[in-house]
Amino acid sequence: MARKTDAGQAIAIETITEAELPAGDVTVDVEYSSFNYKDGLALKGMSRILRALPMVPGIDFAGTVRASDNPAFAPGDKVVLTGWGVGENWSGGFAERAKVKGEWLVKLPAGLTPRQAMAIGTAGLTAMLCVDALERYGITEGGDVLVTGAAGGVGSVAVRLLSRLGYKVSALTGRPAEADFLKSLGATDIVDRATYAAAGKPLAGERWHGAVDTVGGTILANVLAATRYGGAVAACGLAAATDLPTTVFPFILRNVALLGVDSVNCPTPRRLAAWTRLGEILTEADFDLVTREVTLEDLPQVAEDIIVGGVRGRTVVRI
């Protein structure tokens with residue numbers, strides 16, 4: 001539970017009653033949550049992620065419906081929730097039970113377990129939406145695709161998905177020690193972040209048919225400058241910066257598209273389609289490959305680690 005203090009906020013494991021949760025129409029017994037970059041910001045009291053205290057943090061969860069006043073859900077249904085402001089202005093997934101609005105829930109597709117859903121979590125859903133965006137734009141299998149922030153949550157799942165779908169994946173990272181990990185996910189080339197971190201030319205040599213960018217800033221500008229004619233970049237993150245110091249040249253001279261990807265308010269039909277594809281593309285070995293498991297007691301340290309870029313892949317939280 002996060003509570004307001006004179007110094008800002010305090011985080012602690014507490015026993016609370018169901019009455020202290022928001023008045024949602026579906027009650028879920030939470031089995032797993034996951035830990036995302038936004039959760040790290042929330043637990044550290046950064047960027048005003050937690051907007052109403054007291055609150056249970058955790059921007060996603062998966063579990064079993066316990067009770068429902070919503071006709072779309074019944075006790076026993078396996079469900080997953082990501083986004084919609086949960087864990088920001090509505091109590092979230094770092095608890096044994098959650099009460100939410102049924103319209104925010106998605107029934108887990110057949111063959112996808114709550115643990116698998118949170119093994120990839122919000123980051124995995126976002127990665128799938130990025131891949132979908134590139135596919136809809138016409139970036140086809142066999143193309144050269146770059147993933148920035150590749151060793152992180154979204155990046156690692158994106159590398160695995162793109163590799164599984166037949167793309168030639170290059171992984172950009174500032175952590176050389178993760179090269180073997182990224183190659184195990186299917187990356188064929190490791191790109192040193194330093195080569196893209198400094199301001200470059202408005203247009204560079206054409207390298208990528210497409211890209212998934214999780215970091216923003218100068219790196220995104222340089223990726224756009226190196227994207228081939230008619231290519232596209234799916235942008236979903238700001239781990240490096242929120243600005244975009246580029247020119248119009250990639251857009252008007254090379255017909256490059258910048259595709260914004262949001263998972264917070266993504267419509268339910270698209271969410272369900274994305275979760276279904278994740279269950280179809282990824283194997284049990286894939287879920288294990290990108291994931292480590294922690295408990296609630298571990299989260300303060302995980303928050304410290306993720307803020308400084310010290311977390312590899314995905315972190316699933318066993319409730």
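Visitor: Where does V248 lie?
Guide: This is a predicted model; local features need pLDDT of at least 70, side-chain atom pairs count only at pLDDT 80 or more, and totals for chains, interfaces and linings use all residues. Residues are numbered from 1 along each chain as its sequence is written, and side-chain values use heavy atoms, without hydrogens and water. Helices (H or I, at least four residues) and strands (E, at least two) are DSSP runs, numbered from the N terminus. V248 lies in the loop between β12 (227–235) and α7 (249–253).

Visitor: Is V248 buried, exposed or partly exposed?
Guide: Buried means under 20% relative accessible area and exposed over 50%, with partly exposed in between (1.4 Å probe, protein chains only). V248 has 49%, so V248 is partly exposed.

Visitor: How many residues line the largest pocket?
Guide: A pocket is an open set of points on a 1 Å grid, with protein on both sides within 12 Å along at least five of seven lines; lining residues have an atom within 4 Å of a point. The space in the largest pocket is about 1200 Å³. Y37, T214, G237, L238 and A239 lie nearest its centre, and the lining residues number 46.

Visitor: Which element gives the largest share of the lining of the largest cavity?
Guide: In a cavity, a 1.4 Å probe fits but cannot get out. The largest cavity holds about 30 Å³ of space. Its lining is V80, L81, T82, W104, V106, R271 and W275. Three residues, the largest share, come from β5.

Conventions
Points joined across faces, edges and corners; volume = space filled by probe spheres on them.
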